[in-house]
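Please look at how side chains meet in this protein. Start with the sequence and the 3D view.

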Amino acid sequence: MSTADGDLVEYRVVGDYTYIRSDVRQLGEAMGMPLPSADQLPADAGAFKKALEGEWIKFDTKAMEKAGEELGEAPGADGGAPAGEASPEPTLDPKTQKKLLEALREVIARDVEFTTAGGADGTEHIAATAPFRTLITNLVGEIRPLSKELPPGLELPTAADLKDAPDSKVTADFTLKNGELTEVYVDLAKLTENAKVEKFGFSLKLSDGVTPVAPTGATEMSPEEFMGGFAGAMMPEGEEFDEEFLDTEGLDAAEGPEGSENAA
């Protein structure tokens with residue numbers, strides 16, 4: 001993740017570990033909440049100092065996922081799942097999925113106009129054009145009879161919600177190379193009928209991925225150290241840093257020799 005001024009955050013998932021580094025100064029400015037520099041932390045802040053210095057740190061991916069799940073398992077006022085029991089993922093049964101796909105297919109076939117054009121070197125362009133409000137209203141209208149079969153908590157917009165949506169024609173341009181999707185382009189200015197700009201393009205490009213490599217010299221942190229250190233760093237200026245957030249025991253052993261990371 002980067003801005004015009006440089007990289008804010010970079011992370012890699014390699015083998016059993018997630019590696020992350022960040023430019024704390026740039027990140028704090030982007031968030032509108034300056035983070036402390038490493039020299040503002042107490043001497044026993046341990047590995048979290050390295051995070052604030054922009055060096056690579058790493059943590060066990062499964063351990064971090066488990067810590068996140070445990071934070072979300074406490075029962076809330078909304079009657080969620082009791083502690084120790086994760087809420088089941090909402091799913092659609094196969095029959096409902098089939099009905100939904102058929103309904104969407106009918107609307108798209110009726111409301112969307114497709115044009116195709118061939119290009120050089122196996123490139124093909126497909127343009128899908130439709131009046132935005134008409135398309136969305138009809139899509140929701142087809143889905144509404146199935147609302148009781150949809151996962152709980154999914155609320156469909158009402159007709160009143162949709163009446164102010166622009167009804168100008170919007171075109172999505174799809175570019176395919178040798179039959180594979182490589183780019184999608186939409187002019188978002190068309191989604192508002194009183195835009196101050198004539199064109200505001202949103203382009204999504206797809207390309208071959210890059211295999212991540214585990215960086216050498218990364219300092220290992222436990223989820224508790226990482227989240228506790230971050231929480232302490234986010235405290236308002238002038239408040240005392242709670243050293244109980246940090247547990248640096250055994251960090252030297254955890255770092256290990258340089259290059260020992262799991263790069264499978």
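This report covers aromatic rings first, then charged pairs.

## Aromatic rings

The model is predicted. It holds 1 aromatic pair. Tyr17 and Tyr19 form this pair, which is tilted.

Lys58 lies over the face of Tyr17, at 4.5 Å from the ring centre.

## A salt bridge between strands

Side chains of opposite charge can pair when their charged atoms come close. The structure has 6 salt bridges. One of them joins Arg21 and Glu10, at 3.1 Å from N to O. Arg21 lies in strand S4 (residues 17–22) and Glu10 in strand S3 (residues 9–14), so the pair ties together parts that are 11 residues apart in sequence.

Arg21 is partly exposed, at 33% relative accessible area. Glu10 is partly exposed as well, at 25%. Glu10, Arg12 and Arg21 are linked in a network of salt bridges.

## A salt bridge from helix to loop

Lys99 pairs with Glu149, with the closest N and O atoms 3.6 Å apart. Lys99 sits in helix H4 (residues 94–111), and Glu149 in the loop between helix H5 (132–143) and helix H6 (159–162), so this bridge ties together parts 50 residues apart in sequence. Lys99 is partly exposed, at 42%. Glu149 is partly exposed, at 31%.

## An exposed salt bridge

Lys163 and Asp164 also form a salt bridge, at 3.3 Å from N to O. Lys163 is exposed, with a relative accessible area of 51%. Asp164 is exposed, at 60%.

Key. Residues numbered from 1 in each chain as written. Predicted model: local features only at pLDDT ≥ 70, side-chain atom pairs only at ≥ 80, totals over all residues. Heavy atoms only, no water. Phe/Tyr/Trp six-rings, centres within 6.5 Å; stacked < 30°, edge-to-face > 60°. Lys NZ or Arg CZ within 6 Å of the ring centre and 35° of its normal. Salt bridge = Lys/Arg side-chain N within 4 Å of Asp/Glu carboxyl O. Helix = DSSP H or I, 4+ residues; strand = E, 2+ residues; numbered from the N terminus. Buried < 20%, exposed > 50% of the residue type's maximum accessible area, 1.4 Å probe, protein only.
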